[in-house]
Amino acid sequence: SMKTLNIGFNNFVIDEHVISIIVPDTAPARRLREDAKNRDSLIDATAGRKTRAIIIMDNGFIILSAVNVETLIQRIEQNNN
């Protein structure tokens with residue numbers, strides 16, 4: 001069964017489609033974000049808040065979340081129990 005991951009502000013992704021969750025404040029993360037924006041595969045789910053996590057999806061989409069990386073990982077772990 002597909003489990004959803006709440007990434008903040010009533011936005012959800014299917015957790016098995018998440019490849020990685022990274023912190024946004026590194027140079028590679030900023031490049032990844034810019035590249036995704038340029039190829040129209042960036043989804044901003046922060047509702048105007050500060051980006052605290054970048055979620056890399058298996059379909060090539062990059063999703064910005066205002067939820068902390070640690071919190072998202074905890075939610076995935078709870079889903080898998």
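Here is a short chat about how the words used for this predicted model follow from its values.

Reader: What makes up the protein chain, in helices and strands?
Author: There are 2 helices and 6 strands. Starting at the N terminus, the order reads β-β-β-α-β-β-β-α.

Reader: How do you know that the radius of gyration agrees with a compact globule?
Author: You set the value against the rule. A compact globule with 81 residues would come out near 12 Å, and the protein chain has 12 Å, so the two agree. As for the box, the C-alpha atoms fill roughly 35 × 25 × 20 Å along the principal axes.

Reader: What makes E1 and E2 a pair?
Author: Pairing asks for at least two bridges between strands. Strand E1 (residues 4-8) and strand E2 (residues 11-14) are joined by 4 bridges, and they run antiparallel. So they pass, because the cut-off is at least two. One of the details: Gly-8 has Asn-11 in E2 as its bridge partner. The hairpin has 2 residues between the strands, and Phe-9 there takes a positive phi near 55°.

Reader: Why is Ser-65 called buried?
Author: Buried means under 20% relative accessible area. Ser-65 sits at 0%, so it counts as buried. This residue belongs to strand E6. Its side chain reaches the backbone oxygen of Ile-7 at 2.7 Å.

Reader: How do you know that the buried residues of H2 are on the same side?
Author: The buried residues of helix H2 (residues 69-79) are Val-69, Leu-72, Ile-76 and Asn-79. They cover an arc of only 85° around the axis, which is why they end up on the same side of H2. On the other side, Glu-70 and Gln-78 are exposed.

Reader: What covers the buried residues of H2?
Author: The cover includes E1, strand E3 (18-22), strand E5 (53-57) and strand E6 (62-65).

Reader: Which residues does Asn-79 touch, leaving aside its neighbours within four places in sequence?
Author: Asn-79, in helix H2, is in contact with Lys-3, Thr-4, Leu-5 and Asp-15. Its side chain reaches the backbone oxygen of Thr-4 at 2.9 Å. Asp-40 is another story: 39 residues away along the chain, with 30 Å between its C-alpha atom and that of Asn-79.

Reader: Which residues have the most contacts inside the largest nonpolar core?
Author: That core has 14 residues, and those with the most contacts inside it are Ile-7, Val-13, Val-18, Ile-21, Ile-55, Ile-63 and Leu-72. The elements giving two or more residues to this core are E1, E3, E5 and H2. Take Ile-21: leaving aside its neighbours within four places in sequence, it is in contact with Ala-53, Ile-54, Ile-55, Val-69, Leu-72, Ile-73 and Ile-76. A second, separate core of 6 residues includes Ala-29, Ala-36, Ile-56 and Ile-62.

Reader: How many of the contacts with a separation of 6 or more join residues 24 or more positions apart?
Author: Such pairs account for 48% of those contacts in the protein chain. And of its 81 residues, 36% count as buried.

Key
Residues numbered from 1 in each chain as written. Predicted model: local features only at pLDDT ≥ 70, side-chain atom pairs only at ≥ 80, totals over all residues. Heavy atoms only, no water. Buried < 20%, exposed > 50% of the residue type's maximum accessible area, 1.4 Å probe, protein only. Arc of directions from axis to C-beta. Contact = heavy atoms within 4.5 Å. Polar contact = N/O pair within 3.5 Å; in protein donor to acceptor, adjacent residues only side chain to side chain. Core = buried A, V, L, I, M, F, W, Y, C linked by side-chain atoms within 4.5 Å. Rg over C-alpha atoms; globule rule 2.2 N^0.38 Å.
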